[in-house]
Structures are given as C-alpha cells and as structure tokens.
Amino acid sequence: MNTTVPTSLYAQRRARVASQLGAQGIALIPTAPERARNRDSDFLYRHDSYFYYLTGFTEPNAWLVISGDGRSTLFCQPKDMEREIWDGYRLGPEAAVGALSVDEAHSAQELDALMPKLLENRDAVWFPFAIHQGLEQRVAGWLNQVRARVRYGALCPEQQRDLCSVLDEMRLVKDAHEQDIMRRAAKISARAHVRAMQYSARALREGREVREYHLDAELLHEFRTSGSQAVAYNSIVAAGPNACVLHYRADAAPVRAGELVLIDAGCELDGYASDITRTFPADGKFTGPQRELYHLVLASQEASVAATRPGARFTDPHDAAVKVLAQGMLDVGLLDANKVGSVDDVIDKRAYFQFYMHRTGHWLGMDVHDCGSYVEPSQVGEVSERRDPLSNEVIRNRPSRILQPGMVLTIEPGIYVRPAEGVPERFHHIGIRIEDDAIVAAAGCELITRDVPVRAEEIEALMRA
C-alpha cells in the first residue's frame, strides 16, 4: 500500500468515478491476477493500474465496487495466519475499511455470493473492457443470477459500459501527488543511466570485458538501492548494431570501444513509470560520424520540446522532430535529394521512414505506455482520409489531442541506420535515440529526466569522471 499519498485522494477519485456512473450505475474493478512463472514460482506481482489508482492497495485477489450513490466496497483476501506465514501480511477486510477509507469490505471468498445482490436493481454495470481475461464471462454469470430473480421483482442492469472511458480521462492529467512521484522516479532512473555510462567507460579503460548485461546490472542496482520497486519495463541495453533494433532486450553482446550503446530504461516507483533513453559512446568519446548523427537527433528533440506546450496538439512534437530529421538526412547524405526531392517531399512521401520509423512520444504514467485517448474528444466526429505513401493504406485521421497542463508524455526522436544501397558506410549500424519525460506546464513543459546529461560534450565529460 502506498503510504506517501493520503487515502483521501483515492476517495476523491472514487467520488469522481461515482459521479459519472448515473444514480443507479455500478462499477466493478478487479486488480491483476498473480501469474505463474513456472511450477511453484510466480512472477513478481504487480497490481492492476486502474485498481491501484482508485485504492492505493497492492495486494492480489482484490476487487473494488463503486456505486452511483458514492459508496465503495472492497473485496480482499481474508486474514489467514497460516498463509501469512508463507506469503506475507494481509490487511484483511476488517482493517481495510479504516486503512483504505472505503465504506465496506468483505472477504474475496464472498465475491460470487454478494456480487449478484450488489448488481440487482442497477440500470448499468461498468467495468474495464478487454483488460481482464474472463471478466466479461464472470459478469455475465452474475447477471444471470439477477435475471433468475426478475419474477420476484428484481431488475437486471440493461447496459454494460466500458469503465476505461471514464478512468482514462481521469488518469491522463496527473495531479500534484502523481507528478511528485514521477519526478522522484525520474531522478532514480537518471542516476541509473549515469551509473551505466560511467561503468562502461571505466571498465573499458581498465581493460575489462564489458557486455550488455553488465550495464543492465548497473541499472538494476541503482533502481533497487534507491527504493524503486521494479523496472517500469524490460530494459533495452543495445550495443553497436543492436541499437538499430527498436525493442532489443539486454543480452550478452560485447560492448566495444568505438561503438555506441543505446540504453532505454526506467524504474517504477510507487506505481508510476519513468522512461529514459540515452545513447553514448562505449568508451566515452564520440567518433565523427556518431557525433554528426547525434547532433541531428538532439536538434530534433529540441524542436520537439519547443513544440510541447499547452494548446499544442499531441502530434506537434512529432511533426517538429520529423521536419528537423528530414532536413538533416538530406544534409548528411542519408537521403539523396536527386532521388527524394526537397524536405517537404521527404515528409510527404515519408522517405525518412527508412531511418526513423516510430512516433516521437507517448503518454506516461502508471503504465509506461499510459492510457488516454490521442484524439481530441471534442473533435472525434471530424474525420479526414489520406492514403499512406508507403503502404498505400487509407488512413482515417481525427484531430490530435490538445495538450494541457498535467499531461505527461515522452519526447524521443531517433535515427537508425542499417546498411543498404546508397547509405554512406560511415553511418552503418549507428542507432541513436534520445528520450526525456515531459510534464506539460502552464507555459511550455518541464523535462524531469535531465539529471542525466544529453549534450555530447556533457556525456563525454561525465564518462571521463
């Protein structure tokens, strides 16, 4: 249970949900199940983000029920001294009411017996669609029990609604408590990146073997010793040509002097993710071609940062990055103007896609790819069509989300050069991405991950230390 956030905050969130259910609505939110790793060993448990957002409760086998009148009911594991000897302390229903500020609490063993009674005489039942495997069937089973009582005057909910539509909008804008946690997570992750950079240069100077998993170990050490509970996602530690694999996993490839290392890694702290990417020379000194492309990517990120502000569209930072990258690809010779035309042609034809094939950012929060629509809700009905020049697919576009203070997103342009005909050999196998986490502020944005340097000369100075 997160003790850094007052229980009153979770109660306020539940009240906001209740106000959108309708007077006779009811919402069901389960936490995540435990998952077996192999035989008698489970994966490290991680709660469901929606459930945690409304409770701050981290135990498995728990459910939250919110009714339209504002009442909250928790189902959780019962106290069991024998199981607690093996698995650890359980809060239990009796203590949960006071500890979590809910109105009622029951044993999870009573869920199937009590849920039909809670659903009876409601007009709509809300739950997260397509999130929990088997949830729809379980709700259907409870509703069938309610229908069995209609001859006795019971009413069965006529509507099933997706609770994600309510919660996604709430989670999209982070409150002050959330932003504080995310800043602390970002600082931990930044220290981890610094540690990995310095280890790489120091070990190579000392003539020691360095492999990707050595750098991964440095990241994990800093995450855990700083108090984070886990990685926010599987770390990417990609040496040399592996940096051109977007979702490469840290493995055993050697880290060599003269090559770049791309690390995309972040910790999770009190349920919130951080997400940082830095690319650095393994031995602490950029080569000429590496520096040339690095400066290009950094310039594109600076353009993206400048475009991240209230009132801008979510797509504006991406468009700003693409414009800089496209011009840069022409300038350094990755693209031949005689073949692809002007910078506008490169953008219109998506010729840059050979070297930059992903978006420039995503929402960040409890999940590393956090929830929230990327379409502006007030303009959902405004649809335009275009034909993609590469796939020939017809794309239906809607106006992109308008940024507002409290939204958190990543800004992560990159460039990835695989050997191909016409591609200058000096750039072969260079993969670069620079990623920071940004909180949209009253004016512009706040980069919360800059405790790890981003300029080439600053990285080199750090790695010499």
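Trainee: Two strands pair if DSSP finds at least two bridges between them, so in what order do the six strands of the open sheet stand?

Mentor: The order is 6-5-4-1-7-8, and the pairing is mixed. Helices (H or I, at least four residues) and strands (E, at least two) are DSSP runs, numbered from the N terminus. Before we go on, please keep in mind that this is a predicted model, in which local features need pLDDT of at least 70 and side-chain atom pairs count only at pLDDT 80 or more, while totals for chains, interfaces and linings use all residues. Residues are numbered from 1 along each chain as its sequence is written, and side-chain values use heavy atoms, leaving out hydrogens and water.

Trainee: Okay, and which strands stand at the edges of that sheet?

Mentor: Strand 6 and strand 8 (159-162) do, and each has a single partner strand, so one side of each is left without a neighbour in the sheet. Neighbouring strands of this sheet are turned by 20° against each other on average, direction ignored; axes here are lines fitted to C-alpha atoms, for helices over the stretch in contact, and angles run from 0 to 180 degrees between N-to-C directions.

Trainee: How many bridges join strand 1 to strand 7?

Mentor: Three bridges join them, and the two strands run parallel, with Gly25 having Ala124 in strand 7 as its bridge partner. On the other pairing of strand 7, four bridges link it to strand 8 in the parallel sense, and there Trp126 stands opposite Arg161 of strand 8.

Trainee: And which way do the residues of strand 7 point?

Mentor: Ala124 and Trp126 point one way while Val125 and Phe127 point the other, and all of them are buried, where buried means under 20% relative accessible area, exposed means over 50%, and partly exposed lies in between (1.4 Å probe, protein chains only). Helix 6 (135-147) lies across strand 1, strand 4, strand 7 and strand 8, running at about 155° to strand 7.

Trainee: Switching to helix 5, which of its residues are buried?

Mentor: In helix 5 (residues 111-119) they are Leu111, Leu114, Met115, Pro116 and Leu119. Their cover includes strand 1 (25-30), strand 4 (63-67), strand 5 (72-76), strand 6 (104-107), strand 7 (124-127) and helix 6, with contact taken as heavy atoms within 4.5 Å. Just after helix 5, Asn121 takes a positive phi of about 70°.

Trainee: What is the strand order in the open sheet of three strands?

Mentor: The order there is 10-11-14, with antiparallel pairing. Strand 10 (236-239) and strand 14 (276-281) stand at its edges with a single partner strand each, so one side of each has no neighbour in the sheet. The neighbouring strands are turned by 10° against each other on average, direction ignored. Strand 10 and strand 11 (residues 260-265) run antiparallel, joined by four bridges, and Val237 stands opposite Ile263 in strand 11. Helix 9 (residues 212-225) packs on this sheet, touching strand 10, strand 11 and strand 14, and its direction makes about 150° with that of strand 10.

Trainee: How many disulfides does the structure hold?

Mentor: It holds zero disulfides, a disulfide being a pair of cysteine sulfur atoms within 2.5 Å.

Notes. Two strands pair if DSSP finds at least two bridges between them.
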